[in-house]
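User: Could you take me through this model? I would like to go one topic at a time.

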Amino acid sequence: MSLEPLLRERSGGTCELCGSADNLSALHVGPDKPDDADHAILVCETCAAQISGEAPLDGAHWSCLNESAWSQVPAVQVSAWRLLKRQSGESWAQELLEMIYLEDETLEWAKAGQVSAGGEDAIVHKDTNGAVLSAGDTVTLIKDLKVKGANFTAKRGTAVRNISLVHDNATQIEGRVNDQRIVILTEFVKKA
């Protein structure tokens, strides 16, 4: 049996990410894994275009990951993790990324396929000491910061856990201080 019929049988004839039944095709989940049903997913035209970069990521479309991220199929888990990682600047994506669990081998597979050149992935966030920041890191404020519009000052030494990166600006991160989500300049934080 060829690849696409196997995937259609596994998925029930729907996109394994969003559930659409229109214009389905097999998508290899690389890198460097054999092109078989264990290393491919069935996706709709919309998902395929956004995964490949032919179309921009549409956060509203990817709300479907709230369900597909919990799939028992490793190739679907890997694809969902990568998509969430690409959108980790969005609070909903970061929260879901923190909740899902991948086996060590599956997580390594997911990380191996991360695109590191071009586009939004080319922006690197660095703290005041030049350490590279990643989504989910904990940082410490190095000076008191008056938070505009919130009427409080974030004190020096405050730990900001589980940060999100602002994907279009390497000098900004987001995090929770005093139960409010705020934007913080990277020059005022150090990685914990």
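Analyst: I shall begin with one arginine: Arg86 lies in helix α4, which spans residues 74-86. Please note that this is a predicted model.

User: Is Arg86 buried or exposed?

Analyst: Arg86 counts as buried, because its relative accessibility is 17% and the cut-off for buried is under 20%.

User: Which backbone oxygen does its side chain reach?

Analyst: The side chain of Arg86 reaches the backbone oxygen of Ile51, at 3.1 Å.

User: What about Arg8, in which helix is that one found?

Analyst: Arg8 belongs to helix α1, residues 3-11. Its relative accessible area is 35%, so Arg8 is classed as partly exposed.

User: Which residues does Arg8 touch, leaving out those up to four places away in sequence?

Analyst: Arg8 touches Gly13, Leu24 and Leu42. In the case of Leu24, 16 residues away along the chain, the C-alpha atoms of the pair are separated by 8.7 Å.

User: Let us step back. How many helices and strands does the protein have?

Analyst: There are six helices and 12 strands. Along the principal axes, the C-alpha atoms fill a box of roughly 65 × 30 × 30 Å.

User: What percentage of the residues is buried?

Analyst: Of the 192 residues in the protein, 40% are buried. The protein exposes about 10,500 Å², and carbon and sulfur atoms supply 47% of that area.

User: And what share of the contacts comes from residues 24 or more positions apart?

Analyst: Such pairs account for 57% of the contacts with a separation of 6 or more.

User: Which residues is Leu65 in contact with, neighbours within four places aside?

Analyst: Leu65 is in contact with Leu17, Ala80, Leu83, Leu84, Gln87 and Leu96.

User: Changing topic to the cysteines, how many disulfides does the search find?

Analyst: A search of the whole structure finds zero disulfides. Cys18 is in none, and the nearest cysteine sulfur, that of Cys44, is 3.6 Å away. A disulfide would require the two sulfur atoms to be within 2.5 Å.

User: Now the sheets. What is the strand order in the one that contains β5?

Analyst: Three strands form an open sheet in the order β8-β5-β12, with antiparallel pairing. Strands β8 (159-160) and β12 (189-191) stand at the edges with a single partner strand each, so one side of each is left without a neighbour in the sheet.

User: How many bridges join β5 to β12?

Analyst: Three bridges join β5, residues 139-141, to β12. Lys190 in β12 is the bridge partner of Thr140.

User: What about the sheet with β10, in what order do its strands run?

Analyst: That open sheet has three strands in the order β9-β10-β11, again paired antiparallel. Here β9 (164-165) and β11 are the edge strands, and each has a single partner strand, so one side of each lacks a neighbour in the sheet.

User: Which bridges hold it together?

Analyst: β9 and β10 pair over two bridges, and Ser164 has Glu174 in β10 as its bridge partner. Six bridges join β10 (residues 172-177) to β11 (residues 180-185).

User: What happens at the hairpin of β10 and β11?

Analyst: Two residues lie between the strands, and Asn178 takes a positive phi near 50 degrees. Val177 stands opposite Gln180 in β11.

Definitions and conventions: Residues numbered from 1 in each chain as written. Predicted model: local features only at pLDDT ≥ 70, side-chain atom pairs only at ≥ 80, totals over all residues. Heavy atoms only, no water. Pairing = 2+ DSSP bridges. Helix = DSSP H or I, 4+ residues; strand = E, 2+ residues; numbered from the N terminus. Buried < 20%, exposed > 50% of the residue type's maximum accessible area, 1.4 Å probe, protein only. Contact = heavy atoms within 4.5 Å. Polar contact = N/O pair within 3.5 Å; in protein donor to acceptor, adjacent residues only side chain to side chain. Areas by Shrake-Rupley, 256 points an atom, 1.4 Å probe, with all protein chains shown as cover.
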